[in-house]
Amino acid sequence: MQTIPVGVGDRVFVLTGAGISAESGLPTFRAEDGLWAGNRIEDVCTPEAWELNPGLVWQFYSARRAAGAAAQPNPAHFALAELEGRIGDRFFLCTQNVDDLHERAGSRRLVHMHGELNKAHCEDDCGRPPVEDHALYQDLAEVGHCACGARLRPHIVFFGEIPLEMERLEREIKRATLMVVVGTSGSVYPAASFVHWARRNRARTVYIGPEPPLNAEAFTQVVEGKAGAVMPGLFAVE
Ligand code: NAD
């Protein structure tokens, strides 16, 4: 069985994508010809889609909220929470996922670079922080408003928008000695560049997933398999 050694001097940066939640029953979208749960990304996940049909966008993310609430973390989420429990602040997790399965498995030091399903923020970006929002909207008239008067939109980074907390992520990647990437196709930027940034700093880079990602050449080790099957017991912590 392959292991990933984690030494006393290692700082670990983990990047996860939709694949880590696949075994929890949440569909990835590359698996379905570029559709996300049967929808074209440009109809539900772009600033133009929001402009054109905010009711449809809220219906789509309400359905994702319902699916996310019904899903449970799988052994891959728990393996990362356990690693964090062992190495503490030498661990940092960045997820592209908008579900909350990492938190529910026990991860604490994490950033959702593409936003979070169970939050909403001002559509005018007035500067107020996002608010908790678990509602399932069928009708735009039910959607609340920001204190500034503008409508609330899903706290999701649409395609074409800038991901969240990029400066912090760059800092964390710079000091990492080991980067572990799980279940992401390597096609969504800037996340797909992270492995190259890590390599520039001479970090070891490991990919975990059932098939090689598009940026496979940048990894020093590939652990082939479904995350939930191969991750328990994978990290050999010194
Ligand atoms: P993607 O859908 O483009 O690719 C999924 C990757 O996961 C593929 O490389 C596939 O080989 C791999 N995979 C499939 N099953 C796996 C398993 N059991 N274990 C490990 N890997 C597995 O996903 P992406 O690269 O993360 O990009 C998708 C974007 O869409 C993200 O930015 C994300 O915000 C959004 N998204 C989020 C969710 C979620 O929050 N759960 C779900 C779908 C899409």
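Searching the whole structure turns up two cavities of 30 Å³ or more. Bear in mind that this is a predicted model.

**The largest cavity**
- The largest cavity has a volume of about 80 Å³.
- It is lined by 15 residues, and those closest to its centre are Leu 15, Thr 184, Ala 191, Ala 192 and Asn 215.
- Sorted by class, this lining has ten nonpolar and five polar residues, with no charged ones.

**The second largest cavity**
- For the second largest cavity, the volume is about 40 Å³.
- Its lining is made up of Arg 11, Val 12, Phe 13, Asp 89, Arg 90, Phe 91, Phe 92, Glu 172 and Ala 176.

- You can find Gln 96 in the loop that runs between strand 5 (91-95) and helix 5 (101-105).
- Gln 96 counts as buried because its relative accessibility is 11%, which is under the 20% cut-off.
- The side chains of Gln 96 and Thr 184 make a polar contact at 2.8 Å.
- Beyond its neighbours within four places in sequence, Gln 96 is in contact with Leu 15, Thr 16, Gly 17, Met 113, His 114, Thr 184, Val 188 and Ala 191.
- Among these contacts of Gln 96 are Leu 15, Thr 184 and Ala 191, which are also named among the residues closest to the centre of the largest cavity.

Conventions
Residues numbered from 1 in each chain as written. Predicted model: local features only at pLDDT ≥ 70, side-chain atom pairs only at ≥ 80, totals over all residues. Heavy atoms only, no water. Helix = DSSP H or I, 4+ residues; strand = E, 2+ residues; numbered from the N terminus. Buried < 20%, exposed > 50% of the residue type's maximum accessible area, 1.4 Å probe, protein only. Polar contact = N/O pair within 3.5 Å; in protein donor to acceptor, adjacent residues only side chain to side chain. Contact = heavy atoms within 4.5 Å. 1 Å grid on protein atoms, 1.4 Å probe; cavity = no way out; pocket = protein on both sides within 12 Å on 5 of 7 lines; lining within 4 Å. Points joined across faces, edges and corners; volume = space filled by probe spheres on them. Nonpolar A, V, L, I, M, F, W, Y, C, P; charged D, E, K, R; others polar.
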